[in-house]
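Trainee: I am new to this structure. Please take one part and go through it closely.

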Amino acid sequence: MTQHARSPLIVPSVLPADLGRLGAEVADLAEAGVDRIQWDVMDGVFVPNLTFGPDVVAAARRSTVVPFEAHLMVVEPDRLLHRYVEAGCDLVIVHAEACPHLHRTLAGIRRLGARSGVALNPHTPPEVVAHVLEETDLVLAMTVNPGFGGQAYLPAVESKVARLRRMIDESGLAIELEVDGGITDTTIVGAAEAGADVFISGSWLFDHPDGKAAGVDLLRRRATGAATASA
């Protein structure tokens with residue numbers, strides 16, 4: 001039985017967006033009722049893809065007041081933290097695998113005035129974050145290997161999500177538990193039952209036949225139902 005009682009947050013990734021009309025895409029997501037918008041920042045080194053620089057994020061920031069989060073899939077993230085905070089990101093997530101001094105990096109994000117998050121690749125054990133929870137506002141369990149959108153959800157990660165949920169609850173800290181990768185109206189159920197309360201959806205949400213608002217509503221209902229059933 002979990003102790004958390006958060007309402008699920010639905011956060012789209014802009015990775016599948018039409019980059020030729022990115023401002024309009026961001027505004028559409030806000031109109032659809034999302035809770036935040038995630039920017040998947042890739043450097044072509046930590047992951048084999050290259051995506052959004054801070055200037056792109058700053059330009060899109062003018063199109064909505066919905067909070068932004070930056071998921072930095074980059075080597076040496078400390079060099080970029082201030083750029084994404086200045087671009088308008090309220091939350092900055094770094095990968096534990098890319099941070100030799102993770103505690104220092106997370107504290108640095110907070111000193112910049114943003115909320116801090118730490119992401120774990122599928123193979124990374126949850127205990128990696130055990131000693132940085134006091135510097136963390138969010139833990140992200142990747143449910144795919146990072147680098148590309150449209151990948152299949154890895155259900156084996158759910159046991160790690162459940163362990164992270166217990167660690168967070170036992171800490172007594174107000175830390176969000178996010179999952180990212182392959183989240184659909186079906187896979188969100190297992191993730192929510194395991195204890196996640198923030199859900200990133202990209203390709204599935206953008207491709208929903210009834211539009212983004214209908215997709216957001218369905219994801220929220222499925223996650224709420226699953227969390228209630230597992231409580």
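**A buried charged pair and its surroundings**

Mentor: Glu 69 and Arg 36 are both buried, where buried means under 20% relative accessible area, exposed over 50% and partly exposed in between, with a 1.4 Å probe and protein chains only. This is a predicted model, in which local features need pLDDT of at least 70 and side-chain atom pairs count only at pLDDT 80 or more, while totals for chains, interfaces and linings use all residues. Residues are numbered from 1 along each chain as its sequence is written, and side-chain values use heavy atoms, with hydrogens and water left out.

Glu 69 and Arg 36 form a salt bridge, their closest N and O atoms being 2.7 Å apart; the term stands for a side-chain nitrogen of Lys or Arg within 4 Å of a carboxyl oxygen of Asp or Glu. Glu 69 lies in strand β3 (residues 68-73) and Arg 36 in the loop between α1 (22-31) and β2 (37-42), so the pair ties together parts that are 33 residues apart in sequence. Helices (H or I, at least four residues) and strands (E, at least two) are DSSP runs, numbered from the N terminus. The pair also belongs to a network of salt bridges that links Arg 36, Glu 69, Arg 115, Glu 176 and Glu 178.

Glu 69 is also among the residues touched by Ile 37, as are Val 66 and Phe 68, leaving out residues up to four places away in sequence; contact means heavy atoms within 4.5 Å. Ile 37 is one of the residues with the most contacts inside the largest nonpolar core, which has 63 residues. Such a core is a set of buried Ala, Val, Leu, Ile, Met, Phe, Trp, Tyr and Cys residues joined through side-chain atoms within 4.5 Å.
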